[in-house]
Structure formats: structure tokens, C-alpha cells
Amino acid sequence: MTVRRIVRAGFAAVLVFGILGVAFVVQAADVTMTGSTTVLPIAQAVAEGLIGQIDVEVSGGGSSVGVAALIDGTTMIANHSRAMKGSEYEKAVANEVYPFTFQVANDAISVVVHPSNSVEDLTLEQLKSIYEGSITNWNQVGGTNAPITIVSRDTSSGTYETWETIVMMGADVDEGAIYTTSNADVANEVSNNTYAIGYVGIAYVTPQLKALTVGGKGASIETAINFSYPIARPLFMSTNGFPSGSVLEVILFVLSDAGQRIVQDVGYAPIRVLP
Amino acid sequence: MSREKEEAEAPMIDLRPLRPVGSRGLLRLVRKHWDRPVFFSLASISIVALGLIVYFIFREAIPLFREVQVADFFGSQWRPTSQVARFGAMPMIVGSALVTVGALGIAIPLGFASATFIAEVAPGFLKDVAKSVLELLAGIPSVVYGFFGLAVVAPFLQGWLHLATGRTALTASIILAIMALPTIASLAEDALTAVPIAYREASAAVGATRWQTIWRVTIPAAFSGLIGAVILGLGRAVGETMAVLMVAGNSPQITASFLKPVRTLTSGIALEMGETAFGSTHDHALFALGALLLLITLAMNWAAEGFRGRLARKHGR
């Protein structure tokens, strides 16, 4: 009688933990890529270019998401629009992940406003003051009498990190700012809001937005390649160790002329002048 | 007794025990001895899962308080990536409260009114149509509501009220109200329909009008069910992440104004979840927000059940 009871209880326990334990989904893709939403258009175009040869699965989420995923082992390629931090390298090594970084493109962060806004140019200092909250009205920077609505990115964004380093220089963005989750979201808000100012990668500048010059310099492919535009930055893809197999093929494709032409088509600057 | 009388007196339900198939073999053994363990284990899966979730969230949240004082955690500055990192959750608590109050303020009157209409006033075909529409509304995914809020409600509010931005607590409240409305209306309608028809008949018998009956007899009689509907609607509003993330503006500021962007506990976690490397202080802080959310939900449910119980006893249902 007791043996039966034990066996029954054991069966119950096995059933419970067996059902709870079955939660693993097999990755179907050959190569997984995740991370920066700035690099995302490049990644998607590359995936499209490799249809039929390699199955590439692409997702966004921000540079920090990509790097964290590489460290956790849940992705093969991490896309990021900022350099990896020291703390991230430490965590990676602690996890026996040894990141190998490739620069795959150059990007400029464009400052955008609504097309009806009369302002044409802002200096880095003015941008910092606006985002800190010390300048609150457009007429303080040469526009009409209207309040400034600041649009910023969430903290997992590489675009935000670059903005924080180059423009904010460590100062905090005003807490009354709108925080959005992607380049497209910033573009959406700024194109619908006459008071708004925001920052996006140049690939996301549409006719519904007006790009300002920063200190007289406009954001473009040329000024991004030679870094004469102040808010310019390189874009990266990182792998765990030097890549091999399908992952290596993807990286080589991105760095090839064909891949760099894709980078240019998508709206970013290639890493070298193409023939 | 004659045959006819025997048949008339035989019970209408066959109470004889079912004969199991394969009555001598393994199947009989299984049915007789294993049914209880199987059902018990299946039922306990949800409890075990809940227990594990609570355990893991608190396990990751507690380490935060080695580095941040509890008082600082309820401070007014949320700046996790600053030079001097601050993890004050108050802006998000206030944001959640504001958006939830706003949502319920819209959804409860509308929901109860819809429920009353469907249960008491609507003619047959309209009743079915209205109920189907409610089911449909309840089935729409939250990201679709968020998209609708972003594309339609936010620009409309910005234009109409001349706001700095359409992404405000009010926008989030409106969207949440639309999401909670089917839940509240559906459950309230069930509660009202469950009131025995004898109550309404008795009320009519003493000369009450239809409105007097609804207001003074049916609704009080259905009170505990109505409170249950509110609790579920409240739960939906507090727990909603995607729609709020898209339309509320996500500003970590403490404000009592519905016309300013706010950040809630749920969207605060979703917004920064990707940034955190496992084990960092920021990571622990986000888990602490999750733990806070859990505690608030538990406290809410507990208080609401207690309230419901008292009212049920008071109103005799």
C-alpha cells in the first residue's frame, strides 16, 4: 500500500515538473542577429540579400539587447551602434564569450523637427541645453514662441548612448521628455508634432521630417564617412570569437562591395568609398 | 405495483455507476487508482508555476537593497544610467495610479451602463449583437489598441486640447478604458442577469417603475458580481504594458496632470529590460519594480475580495 502511494506521488511529481520543464524551442534559423534598431535596416536588407542561401533571422531591441544576447548566448551576431562597454566585455569573458567586433557601416544621427518649424540650425551646446531642459521655448533658439517637446530614446538604445556621449556629455535628459522605443517611433512623433525635436539615424529621415544642421554641418553619407558631421558614429556587428560557417559568410557578405552597396542603398554610409 | 406506475416512479436520471471499458484490465486499474494523482498534479501545475515565478522575481529583486536604501527606492528620481545612478520608483508608481484611475473612471460608468442596457433594456436581437461586439472588443490584441492610440487618439487629443504632445496619461487612460470595458461590461452583464427574475417580479408587484427596479433592486442584488467585474477590469488596467508603452510618453516625472506624459511600472520594465546585463544593479532594480507590481496586484486582489465578501454578506448575496 505504501509503495503504491510513493509511486503515485512520484508519478504526480514527474508529471508536474515534466510539463513545466518542457519549454525549449529549437532555433530554426541558420544565423540569428539581434540588437540595434539603427543597424536593423542594414541587417534586414542583408537577410533579404541572402534569401535562398542562408536563413538569417533578424530582430531589434536596442544595442544593449544585442550585446546582452551575445553574452547570454541567445544570438550569433549582435548588432550595435555604440562600442561595447568595459563592463560588458567583463561579463562576456566571465561567460566564456569572446566578442569579435566588425565595423560594418557609418551612421550620422540627424536632428529632426517638424517641417513647419522655422529653425534651420542648432549648435551642440544648444542641443544639450534643450535636452537638459534649460531651454524650453523655440523662440530661445530662433524659432516661434512655442514650447519645445523633447523626444528621446530609451536607455537600451545605442542611438541614445551616442547622443548621451557626444551631445549630453554625461548630463541627464530632462525627465519631462518623451522616451520612445525606436528610431521609427521618434520619427512618428516628430512628424506629427509641430513642437517636437528628436534624433534619428539618417536612414530614418523621411520627407515628413526636417533635418537640422548641427553647427553648420549637415548629416549625409559624405560627412558620415569622414566624420566631419559632429554626431557621426560607426556601426558594428559582433560575434562570439572569430566567426565560422554561416556566420562568417554573413559577415563577409556585409563587408563585401555588394554588402556595402546594400548599406548605401538603405541610407547609411559605407566604411570605404566604393568603386 | 403495475408496470406503468413503476416506470412513472423510476428516477429520470440513471444513477447506476458507469461500467468502465475493459473492466478487468489495465484501464480499470488506471481509472481506479491513478485518477487522483493525475488530476492533483495537473491542478498543482499552476500553483507551482506561480510559486516559482514569485520566488524568482523576489530572488532577483532583493539584491538591489544591498546597494540602494528602501527609502531611496521610493524616491522621485529614476536615472539608472546617470553618472550617479538613482532608482526612485515613485514616478512610475504615480504614473500607474494616474493611468489606472483615469481608465476606471471612464470604463466603470460606461461598462455598467452597457451591462445594464444589455441585461435589462435591450430587445432580444440587439442583446445578441451587443454581446458579440463586446466579445470581439475583448479579443483584440493590446498592441493593436496601442497602435490605434498612437495613430488616432494621440494626434486628435494634441490638436483638440493644444497639448505639447499627444502622448499623455489621458491618452493611455482612454485606450486602457477601451480595453477594460469589454471585461467589465461582460462580467457586470452576467452579474445582472444572474439576479433571479423573482426579484424583478416582486419589485413590479409593489409598483416600481423599470428604472426604480434596475437602480434599487437589480443592481444592489448583483453588487458582489459588479465588484468582481471592477476587480478584473482593474487588474487588466494595472497590468497592461504594450498599449501604455506606445502612447503614454514614458516620461519618468511625478505629475498629477492627465495632460502630461507619464511612465507606468509595467512600461518602465518593458522599456529598459533590454538594457540590463544580468546581475547588474539596474537589472535588480527592474526586478524590484516587478516585485512591487506583484505586491500591488496581490494587495489589490486581497482588498477587493475582502470588500466583495463584506458587501455580499450585507446585501445577502
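Here are some questions and answers about the two chains of this predicted model.

Visitor: Which domains make up chain A, and how many Å separate their centres?
Guide: An automatic or database domain assignment gives the bounds. Domain 1 of chain A covers 31–106 + 234–266, and domain 2 covers 107–225. Taken over C-alpha atoms, their centres are separated by 26 Å.

Visitor: Which element gives the most to the side of domain 1 of chain A that touches domain 2 of chain A?
Guide: Two residues are in contact if their C-beta atoms, placed from the backbone, lie within 7 Å. The contact takes 18 residues from domain 1 of chain A and 15 residues from domain 2 of chain A. On the domain 1 side, α3 (63–72), β4 and α10 (257–266) of chain A each give two or more residues; helices (H or I, at least four residues) and strands (E, at least two) are DSSP runs, numbered from the N terminus. With three residues, the one that gives the most is α3(A).

Visitor: Where do the buried residues of α5(A) lie on the helix?
Guide: A residue is buried if 20 or more other C-beta atoms lie within 10 Å of its own, exposed if 12 or fewer, and partly exposed in between, with C-beta atoms placed from the backbone. In helix α5 (residues 124–132) of chain A, the buried residues are A:L127, A:I130 and A:Y131. Seen down the axis, they fall within an arc of 90 degrees (taken from the directions from the helix axis to the C-beta atoms), so they line one face of the helix.

Visitor: Which element of chain B supplies the largest share of the side that touches chain A?
Guide: Here 32 residues of chain B are in contact with 34 residues of chain A. Elements supplying at least two residues each on the chain B side are α3 (35–61), α8 (142–161) and α14 (265–272). The largest share, eight residues, comes from α3(B).

How values were computed
Residues numbered from 1 in each chain as written. Chains lettered and ligands numbered in written order. Predicted model: local features only at pLDDT ≥ 70, side-chain atom pairs only at ≥ 80, totals over all residues.
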